[in-house]
Amino acid sequence: MDTIASLFSFITTPVSWVIVQFHKVYGAVFGPDTGWAWGLSIVSLVILIRICLIPLFVKQIKATRAMQTLQPEMKKIQERYKNDKQRQSEEMMKLYKETGTNPLSSCLPILAQSPFFFALYHVLNAIANNDTIGSINQSLLDSAQKAHIFGAPLAAKFTDSSSDVAALDASLTTVRIVTAVMIVMMSASQFYTQRQLMTKNVDTTVKTPFMQQQKMLMYVFPVMFAVFGINFPVGVLVYWLTTNVWTMGQQMYVIHNNPTPGSKAQAAYLERLTKHVTNHGKTRSRGEKAIVKAIVAKGRDRNEFERKFINALSKTGLVAQADGTVVKGEAQAAAETEDGTPTTGGTPKRQQPKRQSKSQRQSGGASGAPKAADEPTSLTKSDEPEDAKPAAPAKKQPGGNTRSKAQSGQRKGPQRPKSPSKK
């Protein structure tokens with residue numbers, strides 16, 4: 001154990017120093033030998049580490065979404081080169097290079113956090129073995145051994161014997177109850193975080209093996225925490241429970257404010273955004289502008305929820321711009337006066353042309369154009385007598401019979417002869 005601890009000395013020394021600094025602060029409030037002082041020091045260490053890992057968490061989100069987008073292309077490569085594993089791996093690496101994605105980016109927060117986890121484990125294990133380590137001297141070691149969290153010492157484990165627990169001034173039953181409750185809470189928080197990711201923040205339009213892997217991990221990780229948790233000291237369980245709760249809250253914030261496109265979380269977010277934009281007529285934050293900008297840039301590649309968002313804005317007379325802002329459309333702006341108040345008549349209606357009478361349509365010809373002012377209409381009497389007008393010559397039919405023009409309202413073509421009237 002000393003050999004392993006020496007290998008992690010480059011990280012155990014700064015971790016122990018940070019814990020000691022937090023212990024000075026909380027010890028002045030709760031007392032130096034209390035479980036609150038040492039427990040809150042571990043919690044503060046977790047919060048400090050997770051704040052430093054926020055940039056890596058952002059990269060993890062981007063990498064995860066990029067991997068989800070590439071799943072259809074990856075599946076095509078696997079089917080095309082299923083008999084040539086070397087060519088398949090080469091095409092995969094080429095795809096990652098062209099798209100600028102890295103499969104390991106999704107594991108960066110866990111990998112970056114692992115050294116601190118092992119360092120804290122060795123610090124607490126040294127406290128249980130009554131050994132000084134890093135910045136923890138003998139006086140701090142004695143204080144840490146007296147500290148109890150709900151009756152369980154910081155360095156106690158679920159698998160410890162009754163004699164080991166008695167040496168730390170505690171009972172085996174109390175230690176096992178406290179550790180069991182913390183293990184269950186740790187596994188439950190991990191399961192809820194993964195389930196929240198799978199049910200709300202996954203693109204439901206794409207069915208890929210990646211989703212099946214995530215669903216499998218949703219059940220595997222809690223079991224792993226339960227198995228390994230019985231070998232962790234209480235202080236390490238405090239550390240791991242705190243980091244799981246932080247991850248769960250961080251994931252909830254991301255799902256609520258920056259959901260994955262095509263997911264149920266995006267549908268709920270765009271519904272909330274639609275209500276706000278229609279009520280206020282603008283976007284309120286940089287995050288909202290960034291999402292609207294991304295939706296506008298997609299054009300015809302928008303998913304179902306994004307098209308509904310754009311259509312909802314159009315129905316209210318608003319238009320999303322390329323820079324992420326929302327402005328009033330031309331129809332909405334035309335319906336308002338210069339001072340910004342809407343007109344009483346609302347949107348101006350299109351005027352329908354007046355319907356012409358039957359005589360006007362007959363006199364106006366097929367085009368329905370109005371006659372000139374000096375042209376006589378059918379309702380005005382002509383000054384010229386009827387007998388002075390030359391009669392129109394009758395047209396000859398091919399059969400030799402002459403017929404007069406069909407009067408208005410008569411059916412063209414040969415007419416049926418009238419039957420003679422009976423006298």
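Leaving aside neighbours within four places in sequence, Ile 136 touches Ser 16, Val 20, Val 123, Ile 127 and Leu 141. The model shown here is predicted.

**The cores**

Ile 136 is one of the residues with the most contacts inside the largest nonpolar core. Trp 38, Leu 45, Leu 120, Ile 127 and Tyr 239 are listed with it. This core has 47 residues. The most comes from α6, with eight residues. In soluble globular proteins, nonpolar side chains tend to be buried together.

**A buried histidine**

His 23 sits in helix α2. Is His 23 buried or exposed? His 23 is buried, because its relative accessible area is 6%, and the cut-off for buried is under 20%. Leaving aside neighbours within four places in sequence, its contacts are Pro 32, Ala 37, Trp 38, Ser 41, Leu 140 and Ser 143. Of these, Trp 38 is also among the residues with the most contacts inside the largest nonpolar core.

**Two helix pairs**

Two packed helices are described by the angle between their axes and the distance between the axes. The table gives both values for two pairs.

| Helix pair | Axes come within | Crossing angle |
|---|---|---|
| α9 (172–200) and α11 (234–257) | 9 Å | roughly 20 degrees |
| α12 (264–280) and α14 (304–315) | 10 Å | roughly 10 degrees |

Take α9 and α11. Their axes cross at roughly 20 degrees, so α9 is roughly parallel to α11. The crossing is left-handed. On the α9 side, the contact includes Thr 179, Met 182, Ile 183, Met 186 and Lys 200. On the α11 side, Val 234, Leu 237, Trp 240, Leu 241 and Ile 255 are among those taking part. By class, this contact has 14 nonpolar, eight polar and one charged residues.

Now α12 and α14. Their axes cross at roughly 10 degrees, so these helices too are roughly parallel to each other. From α12 come Gln 266, Ala 267, Leu 270, Leu 273, Thr 274 and Val 277. From α14 come Phe 305, Glu 306, Phe 309, Ala 312 and Leu 313. Eight of the residues in this contact are nonpolar, two are polar and one is charged.

Terms used. Residues numbered from 1 in each chain as written. Predicted model: local features only at pLDDT ≥ 70, side-chain atom pairs only at ≥ 80, totals over all residues. Heavy atoms only, no water. Axes fitted to C-alpha atoms, helices over the stretch in contact; angles between N-to-C directions. Helix = DSSP H or I, 4+ residues; strand = E, 2+ residues; numbered from the N terminus. Parallel < 35°, antiparallel > 145°, perpendicular 65-115°, else oblique. Left-handed = near helix turned anticlockwise from the far one by under 90°. Contact = heavy atoms within 4.5 Å. Nonpolar A, V, L, I, M, F, W, Y, C, P; charged D, E, K, R; others polar. Core = buried A, V, L, I, M, F, W, Y, C linked by side-chain atoms within 4.5 Å. Buried < 20%, exposed > 50% of the residue type's maximum accessible area, 1.4 Å probe, protein only.
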